[in-house]
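Visitor: Could you take me through this chain and show me how its features are to be read?
Guide: Gladly; please look at the sequence and the structure first.

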Amino acid sequence: MTSAFTIECRVHFTNRGRGSRKRPPSDRGSKAGRVPRVSRLMALAMRLDELIRSGQVTGYAELARLGHVTRARLSQIMSLLSLAPDLQEEILFLPRTLKGRDPIQLRHLLPITVIPDWRKQRIRWKALTP
C-alpha cells in the first residue's frame, strides 16, 4: 500500500526583468557561509524518522523511492540517528562553512555511528573535532 503526502513550503519569486540585478550576499540579510552538509543530513534524518514514526510512510524503501536515492544511501543518512543525542545536537549546530570543504563530512561520522556505546562515541567525536 502506498500512501501519498504533501510538502508545503513558501517560495518567493522576484521580478528579474530588464535592469534587475541580483543583490550581493551581504545585502540579503542572511548569515555568512553555508550550513555544513552533515548538519543538513542530520536534520533530514530526524525529519524522515518523524515521517516513519507518524505512519506517513511505511519504511526506508518507500522513503528512498520518494527521495530518488538508493536504500543504501538512505541507510547511511539514517544511521546518524544512532549517535548520542548531544552529538546529534552538536552536528545540527556546527558553525557555518565560510570557504572550501566542510571540516566534518558524513564519511567521518559513519564509523562512529556503528559504536553502540555513547561514551566511546563521544571520545571519537572529540578526536574528530578541533
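**Reading a chain of helices**

Guide: The chain has an accessible surface of about 10,100 Å², and carbon and sulfur atoms account for 55% of that surface; such areas come from the Shrake-Rupley method with a 1.4 Å probe, and for residues only the protein chains shown count as cover. This is a predicted model, in which local features need pLDDT of at least 70 and side-chain atom pairs count only at pLDDT 80 or more, while totals for chains, interfaces and linings use all residues. Residues are numbered from 1 along each chain as its sequence is written, and side-chain values use heavy atoms, with hydrogens and water left out.

Visitor: How many helices and strands are there in the chain?
Guide: The chain holds six helices and zero strands, where helices (H or I, at least four residues) and strands (E, at least two) are DSSP runs numbered from the N terminus.

Visitor: How should I read the packing of two helices?
Guide: Two packed helices are described by the angle between their axes and the distance between the axes. Here the axes of α1 (residues 37–54) and α4 (residues 85–92) come within 8 Å and cross at roughly 125°; axes are lines fitted to C-alpha atoms, for helices over the stretch in contact, and angles run from 0 to 180 degrees between N-to-C directions. The two helices α1 and α4 are therefore oblique to each other, given that angles under 35 degrees count as roughly parallel, over 145 as roughly antiparallel, 65 to 115 as roughly perpendicular and the rest as oblique.

Visitor: Which residues in α1 and α4 meet?
Guide: From α1, Val 38, Ser 39, Met 42, Ala 43 and Met 46 meet Gln 88, Ile 91 and Leu 92 of α4, contact meaning heavy atoms within 4.5 Å.

Visitor: Where does Leu 94 lie?
Guide: Leu 94 lies in the loop between α4 and α5 (106–113), and at 18% relative accessibility Leu 94 counts as buried. Leaving aside residues up to four places away in sequence, Leu 94 touches Pro 36, Val 38, Ser 39, Ile 104 and Trp 125.

Terms used:
Buried means under 20% relative accessible area, exposed over 50%, partly exposed in between (1.4 Å probe, protein chains only).
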